[in-house]
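User: I'm new to this one. Can you walk me through it in plain words?

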Amino acid sequence: MENQQCCRAAFLDVSQAFDQVWHTGLLFKIKRILPSSYFIRLKSYLNERQFGAKINTETSSRFHIHSGVPQGSILGPLLYVLHTSDLPASSETILGTFADDTAIFSIHEDPTIAALNLQEHLHIIEKWLKKWKIKINESKSSHITFTLRKGHCPAVNIKQTIIPQTETVKYRRTTLRLQVKLERTHRQKKKTTRLKNKREQLVDRKKCHLSIDNKLLIYKAVNKPTWSYGIELWGCASKSNKVIMQSSQSKILRDIANPPWYVTNHALH
């Protein structure tokens, strides 16, 4: 935005990502990427898996599982990342992936060229998805444009289905808006931090008899991640928005230390 450019972004929703991992394709990639000893172990881990259903005392027959990685397991996310590690990139766009979240950004002075570059990358990804039997939910995917310019932006599609254009999109639990207004993000984080603080009873100075060290430990483990999550996106916000974060942390610090009124926030920090 500082360079008066246009950023076109597509956020793709993978349908039942962990359940639809194609075992044959995954084992092919494991054999190509990892040593043979890993391949044998992981093949044994995936093969001959079965599932059944139980309602009250009745149990169904067992059926073999031919796709998917066990959810809730340690290996599940790793196997999914291996399966999607060769997702094609493009020199004209920026590709961001985290587990089953996929985002593609195209930046250019001309919104039309940005859209064309994004569309070309989507076509490449479309062929890759078909090859490795990965399904995209087009209706739940989203397309958004970050720019200060006014005017209509061309639509983009995948599998001949237009990706819905939105003014807000949630990516990795951080809400991105058309005009990148970060004040709401800061205030929402402040509200979440306050609720967590109340739940942990750090605010109630009379009931909480923990030492300062233990209170700080709880704050850093439970509350601080609320602020630090997504800081790559909102950490460059204006000073007025950063004041919201700082005032919230200073208040919690005073609740933790319970100092005399004349002790400054700077001294507490």
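Analyst: Let's start with one residue. Leaving aside neighbours within four places in sequence, Leu 129 is in contact with Ile 134, Ile 136 and Ile 158. Contact means heavy atoms within 4.5 Å.

User: Which core residues touch the most other members?

Analyst: In the largest nonpolar core, of 29 residues, they are Leu 12, Leu 26, Ile 30, Leu 79, Leu 122 and Leu 129. A nonpolar core is a set of buried Ala, Val, Leu, Ile, Met, Phe, Trp, Tyr and Cys residues joined through side-chain atoms within 4.5 Å. Buried means under 20% relative accessible area, exposed over 50%, and partly exposed in between, with a 1.4 Å probe and protein chains only.

User: Which elements each supply at least two residues of this core?

Analyst: They are β1 (6-13), α1 (23-33), α2 (36-46), α3 (75-83) and α4 (111-131). The largest share comes from α4, with 5 residues. Helices (H or I, at least four residues) and strands (E, at least two) are DSSP runs, numbered from the N terminus. A second, separate core has 9 residues, including Cys 7, Phe 11, Ala 103 and Val 169.

User: Hold on, where does the model come from?

Analyst: It is predicted: local features need pLDDT of at least 70, side-chain atom pairs count only at pLDDT 80 or more, and totals for chains, interfaces and linings use all residues. Residues are numbered from 1 along each chain as its sequence is written, and side-chain values use heavy atoms, leaving out hydrogens and water.

User: Where is confidence lowest, and where highest?

Analyst: Helix α5 (residues 183-199) is lowest, at a mean of 65. Strand β4 (residues 58-59) is highest, at 94. The chain's mean pLDDT is 84, and 86% of its residues reach 70 or more. pLDDT is the predictor's confidence in each residue, from 0 to 100.

User: How many helices and strands are in the chain?

Analyst: The chain has 9 helices and 12 strands. Of its 269 residues, 35% are buried.

User: Back to α3. Which of its residues are buried?

Analyst: Gly 76, Leu 79, Tyr 80, Leu 82 and His 83. Seen down the axis of α3, the buried residues fall within an arc of 160°, so they line one face of the helix. That arc is taken from the directions from the helix axis to the C-beta atoms.

User: What covers them?

Analyst: The cover over the buried residues of α3 includes α1, α2 and α4.

User: And Asn 117, buried or exposed?

Analyst: Asn 117 counts as buried, at 16% relative accessibility. This residue is in helix α4. Beyond neighbours within four places in sequence, Asn 117 is in contact with Glu 92, Thr 93 and Ser 106.

User: New topic. How do β6 and β7 pair?

Analyst: Strand β6 (residues 94-98) and strand β7 (residues 101-108) pair in the antiparallel sense, over 5 bridges. Two strands pair if DSSP finds at least two bridges between them. Thr 97 has Thr 102 in β7 as its bridge partner. The hairpin has 2 residues between the strands, and Ala 99 takes a positive phi near 55° there.

User: Where is Gln 16, and what is its phi?

Analyst: Gln 16 lies in the loop between β1 and α1. Its phi is positive, near 45°. Most residues other than glycine have a negative phi. Gln 16 is exposed, with a relative accessible area of 51%.

User: What about Lys 159?

Analyst: Phi of Lys 159 is positive too, near 55°. Lys 159 is in the loop between β9 (157-158) and β10 (161-162). At 32% relative accessibility, Lys 159 counts as partly exposed.
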